[in-house]
Every structure is written in C-alpha cells, then in structure tokens.
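Here is a short briefing to read alongside the sequence and the 3D view. It goes topic by topic.

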Amino acid sequence: MQSPLRSALLAAARSPRLEKAASGTRLTRGVVDRFVAGETEEQAVATARDILGSGRYVTIDHLGEDTTDAAQANATVSAYLSLLSALAPLAGESAAGGPRPVEVSLKLSALGQLLGPDGDRIALGNAHKICAAAEEAGVWVTVDAEDHTTTDSTLSIVRELRSDFPSLGTVLQAYLKRTEADCADLAGPSSRTRLCKGAYAEPATVAHQGKAVDDAYVRCLEVLMRGEGYPMVATHDPAMIEAALRLAGEAGRGQDEYELQMLYGVRDTEQLRLTGAGRHLRVYLPYGTQWYGYFMRRLAEKPANLALMLRALTSK
Ligand code: FAD
C-alpha cells in the first residue's frame with residue numbers, strides 16, 4: 001500500500017496548476033537547490049566538475065518530461081547537444097570497455113514520446129541525435145524509466161537505438177511486476193541496466209507495493225549480477241546496497257563490472273564513503289527550469305524533505 005501522503009505528493013507532481021503556483025515561490029533557491037544543480041548548463045557543468053573531482057562519476061539530466069509540443073521536444077534536443085559539447089572536455093579517456101565517468105540521462109517523454117501516434121518515431125529520432133553526439137563526446141547515455149504506461153514504448157525504442165549504440169543504458173523499476181523478466185532480457189553482453197525501485201504512483205495491478213518492492217529489487221539484482229551485462233545499482237537503501245555488494249562478490253564481478261548510483265543531494269557522506277572504499281558511484285545530477293515534477297517525486301520519497309520545504313516557505 002502507498003501512504004496517503006506519498007500518493008498525494010505524486011498526484012501533485014503531475015498537476016500543471018500546482019506546478020505554476022510552485023514556480024512562483026521562493027522554493028527555487030532554497031530547498032529545490034538541494035536536489036538540482038541549478039537552472040543553467042554552466043551550473044550543471046560546474047557541479048559535474050566538482051563531483052568528478054571527488055572521484056565520483058556523474059549522469060546529467062536536463063529536466064523536463066511529458067512534452068506536449070514538437071518545438072519543446074526540439075528545444076530539449078538542442079539543450080542536450082549543447083550540454084554534450086560542454087561535457088566533452090570532462091569526459092576524458094576511459095579504459096577500453098571500462099566505465100565512462102560522464103553520462104547523460106534522457107526522458108523519452110521530453111523528446112516527444114507522447115506526441116500522438118507519431119510520438120515513438122519522433123522520440124526515437126530525437127534520442128538518436130543525442131546518442132550520436134554523446135558517442136562523439138565520449139559520454140554514455142541512459143534512458144530513464146517513467147510511468148508504466150510508457151514502459152513498452154520505451155523498451156522498444158531503446159532496443160532500436162541499441163543496434164546503433166550498443167552501450168546505451170536502460171532503466172528498469174523493481175516495483176513493476178514485469179521487471180524480473182525484463183532484467184533477464186537485458187542481462188546479455190554489453191547491456192547496461194540501471195535498477196531503481198521506481199518513483200511513480202502505480203496501481204497494485206501492475207506494481208508491487210510496500211515491502212514487496214524490496215524483495216523484488218533483490219531478485220532483480222540477482223538476475224543482473226549473474227548476467228553478462230553491466231548492472232547500475234540505483235538506490236540509497238543500505239539493505240539494497242549491501243545485497244548488491246554481496247551478489248557482485250558471489251558472481252565474481254570486479255569493481256569495473258558494476259556501479260552504484262545515488263541522486264544529487266541524497267546521502268552525500270555515504271556517497272563519498274563508498275567512493276573512498278573503492279566503489280564506482282555515479283551521481284544523478286539534474287538541472288534546468290522544469291524542476292517541479294522531479295522535486296515532488298523526491299518529496300514523496302522522504303517525508304522529512306517536506307518539513308524542509310515547509311520551513312523554507314515560512315522562513316524570511
Ligand atoms: P527508499 O526505500 O525510498 O529509501 C531508502 C533511504 O534512502 C531512505 O530511508 C532515506 O534515508 C534515503 N532517501 C531515499 N530517497 C530520498 C530522498 N528523496 N531524499 C532524502 N533521502 C532519501 N525512478 C524512476 O522511476 N525512474 C528512473 O529513471 C529513476 N532513475 C533513478 C536514478 C538514480 C541514480 C536513482 C538513485 C534513483 C532513480 N529513480 C528513478 C528513483 C527511484 O526509483 C526511487 O524512487 C528512489 O531512489 C528512492 O528509492 P531508494 O531505493 O533510495 O529506497
């Protein structure tokens with residue numbers, strides 16, 4: 001069962017009216033900045049440089065989702081192409097076949113996936129341009145997972161893109177009942193799969209609820225760690241991280257054969273501790289003006305973040 005507070009926050013995350021209201025508040029500079037690098041590409045690149053300097057890897061997300069017009073999707077492509085030019089000098093040389101320190105994350109709904117019957121074709125074309133530029137820049141790309149109504153479309157677009165860009169990463173959400181089977185499909189050689197618990201409000205018909213999500217997460221990890229791909233373990237949950245390290249050891253994986261991932265602004269001390277212990281840890285770093293949906297999902301994950309927000313709203 002989802003808590004009523006979590007459900008309410010996730011419903012609010014999709015409300016254009018509340019988004020408009022929130023954008024006009026003082027939230028942006030205060031609490032939002034804990035989770036978002038800033039509104040500009042320059043701020044994102046500067047923060048990425050700091051993260052890389054601390055020994056962590058980075059994946060950068062240009063904020064935006066659920067695009068409803070083609071011009072906006074084109075603007076998102078332009079933003080990524082510009083970002084990739086700026087990131088090329090940071091990407092550096094990575095060992096052949098080894099992890100690339102710099103990655104970008106994409107949401108297909110920001111690239112036109114929801115633009116009617118042609119949506120899939122438009123998103124595929126737009127993502128292809130970004131993947132080609134990323135290849136040139138020495139930067140990895142991973143496609144984020146959105147709500148379950150988009151999963152089939154997203155996985156089929158990723159499958160097509162991977163024929164040209166085999167290193168393209170995919171995100172799977174352990175809360176979806178289909179995901180164990182998707183993990184098995186994506187556990188082959190050269191496949192990169194980010195496993196997260198899942199951040200959207202999903203019905204019990206398609207998604208595990210409560211503690212069952214953690215059990216499913218571990219089962220999915222087992223499939224990915226035993227497979228031949230590159231698992232990307234995206235969680236802040238100490239029990240999931242412990243399971244990942246144990247399963248990687250049992251599968252005989254070296255440090256370069258999987259990575260841990262956390263969100264910017266969450267458990268920073270633990271991120272640095274794991275990096276200091278020799279683990280590869282990648283920070284998911286969002287930037288841009290469309291922070292509302294992303295920020296509301298972070299609030300839904302941890303009620304204490306809501307208290308932080310209320311304090312910021314009521315302080316001078
Ligand atoms: P939880 O059980 O939610 O949290 C475990 C502990 O971590 C909490 O007790 C708390 O101490 C800490 N914590 C967790 N979240 C927060 C927070 N917001 N603020 C402060 N502390 C927190 N979801 C998708 O649906 N699609 C995606 O593409 C996607 N990409 C992701 C990429 C990365 C790198 C990460 C880390 C997460 C991603 N997520 C994505 C979000 C994910 O699905 C979860 O909603 C989120 O990570 C919280 O789950 P958890 O595994 O950390 O466990």
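Which residues does Leu-195 touch, not counting residues up to four places away in sequence? The partners are Leu-172, Ala-174, Tyr-217, Cys-220, Leu-221, Leu-224, Pro-231, Met-232, Val-233 and Ala-234. Keep in mind that this is a predicted model.

**Nonpolar core**
- The largest nonpolar core has 86 residues.
- Ala-134, Leu-195, Cys-220 and Leu-285 have the most contacts inside this core.
- Helix α6, residues 119-137, supplies the largest share of the core, with eight residues.
- In soluble globular proteins, nonpolar side chains tend to be buried together.

**Ligand shell**
- The ligand is surrounded by 23 residues.
- Asp-144, Cys-196, Ala-234, Thr-235 and His-236 are the closest.
- β7 makes the largest contribution, three residues.
- Sorted by class, the shell has 11 nonpolar, six polar and six charged residues.

**Helix pair α5 and α6**
- The axes of α5 (residues 70-91) and α6 come within 9 Å and cross at roughly 10 degrees.
- That angle makes α5 roughly parallel to α6.
- On the α5 side, the contact uses Ala-70, Ala-73, Val-77, Tyr-80, Leu-81, Leu-84, Leu-87, Ala-88 and Ala-91.
- On the α6 side are Ile-122, Asn-126, Lys-129, Ile-130, Ala-133, Ala-134 and Ala-137.
- The class count for this contact is 14 nonpolar, one polar and one charged.

**Helix pair α1 and α12**
- Helix α1 (residues 4-12) and α12 have axes that come within 8 Å and cross at roughly 180 degrees.
- The two helices are therefore roughly antiparallel to each other.
- α1 brings Arg-6, Leu-9, Leu-10 and Ala-12 to the contact.
- α12 brings Met-296, Arg-297, Leu-299 and Ala-300.
- These residues divide into six nonpolar, no polar and two charged.

**Trp-140**
- Trp-140 sits in strand β3, residues 140-143.
- Trp-140 counts as buried because 27 other C-beta atoms lie within 10 Å, and the cut-off is 20 or more.
- Leaving aside neighbours within four places in sequence, Trp-140 is in contact with Arg-100, Glu-103, Ala-134, Ser-167 and Gly-169.
- Trp-140 and Ala-91 are 49 residues apart along the chain, and their C-alpha atoms are separated by 9.4 Å.

**Thr-76**
- Thr-76 lies in helix α5.
- Thr-76 is buried, with 25 other C-beta atoms within 10 Å.
- Not counting residues up to four places away in sequence, Thr-76 touches His-62, Gly-64, Thr-67, Ala-110 and Leu-111.
- The C-alpha atoms of Thr-76 and Ala-123 are separated by 11 Å, with the two residues 47 apart along the chain.

- Asp-66 is not a glycine, yet has a positive phi of about 55 degrees.
- Asp-66 is in the loop between β1 (57-62) and α5.
- Asp-66 counts as partly exposed, with 17 C-beta neighbours inside 10 Å.
- Ser-190, also a residue other than glycine, has a positive phi near 65 degrees.
- Ser-190 is found in the loop between α8 (179-185) and β5 (192-196).
- Is Ser-190 buried or exposed? Ser-190 counts as exposed, because the number of C-beta neighbours inside 10 Å is 12.

Notes: Residues numbered from 1 in each chain as written. Predicted model: local features only at pLDDT ≥ 70, side-chain atom pairs only at ≥ 80, totals over all residues. Near = placed C-beta within 6 Å. Helix = DSSP H or I, 4+ residues; strand = E, 2+ residues; numbered from the N terminus. Nonpolar A, V, L, I, M, F, W, Y, C, P; charged D, E, K, R; others polar. Core = buried A, V, L, I, M, F, W, Y, C linked by C-beta atoms within 7 Å. Contact = placed C-beta atoms within 7 Å. Axes fitted to C-alpha atoms, helices over the stretch in contact; angles between N-to-C directions. Parallel < 35°, antiparallel > 145°, perpendicular 65-115°, else oblique.
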